[in-house]
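Work through the exercises below with the sequence and the model at hand. Each task is followed by a stepwise solution.

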Amino acid sequence: MNAASLVLLGSLVWGCASHHPLPTLAQATGAPAQHDAAAETRRVQVALATSLLEHGNADAALSLIATVRLAGGRGVDLDVLEGRALRKAGLVDAAEALLASVVRRHPGRGEAWNDLGILAMERRDFPTAVQRFEHAARVRPMRADFTDNLGFALLAAKRAPEAVVTLQRALEQNAASP
């Protein structure tokens, strides 16, 4: 499926969700239906933007994220997703600024630290990448992908003994996860 098809699908989801929302728990408990339908629409759009990004369609993901923001979507998860999409679209300065803002406001967001580490790796700034991946792995110690990224950054920084121990830990984490 190409990016245009996915954007069309996103438009259809937006249109269908805004005109024919499914009943939700909030509606059953008397919460305002309009607010709940809008929140559900944004949730579906964010899920679609995430899928677009995972399938290499960063520009389409950014377009959908902009639509979500225009409809009132906000929050740290959306910021992290947008930062990742900006990075994958090659807009590294904007990605760095947004992700740095996230970690200033929410220092426990391992995903943002990890993405900042990836940006540093792409710039070949290995000491900074190590620091950022260390932070990501410290705040989210069970994320094997963060530990794995740290191991490879340590290798790139010519810290092989530490890298071996770290990569072994990542393998153990992967084996322990379901």
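**Exercise 1.** Does E111 count as buried or exposed, and at what relative accessibility?

Solution. The model is predicted: local features need pLDDT of at least 70, side-chain atom pairs count only at pLDDT 80 or more, and totals for chains, interfaces and linings use all residues. Residues are numbered from 1 along each chain as its sequence is written, and side-chain values use heavy atoms, without hydrogens and water.
Step 1. Buried means under 20% relative accessible area, exposed over 50%, and partly exposed in between (1.4 Å probe, protein chains only).
Step 2. E111 has 15% relative accessibility, so E111 counts as buried.

**Exercise 2.** Trace the salt bridges of E111.

Solution. Step 1. A salt bridge puts a side-chain nitrogen of Lys or Arg within 4 Å of a carboxyl oxygen of Asp or Glu.
Step 1. E111 pairs with R109 at 3.5 Å, N to O, and with R143 at 3.6 Å, N to O.
Step 2. The E111 and R143 pair links helix α7 to the loop between α8 and α9 (144-156), 32 residues apart. Helices are DSSP runs (H or I, at least four residues), numbered from the N terminus.
Step 3. R143, at 26% relative accessibility, is partly exposed.
Step 4. Through shared partners, D77, R109, E111, R140, R143 and D145 form one network.

Methods
Helix = DSSP H or I, 4+ residues; strand = E, 2+ residues; numbered from the N terminus.
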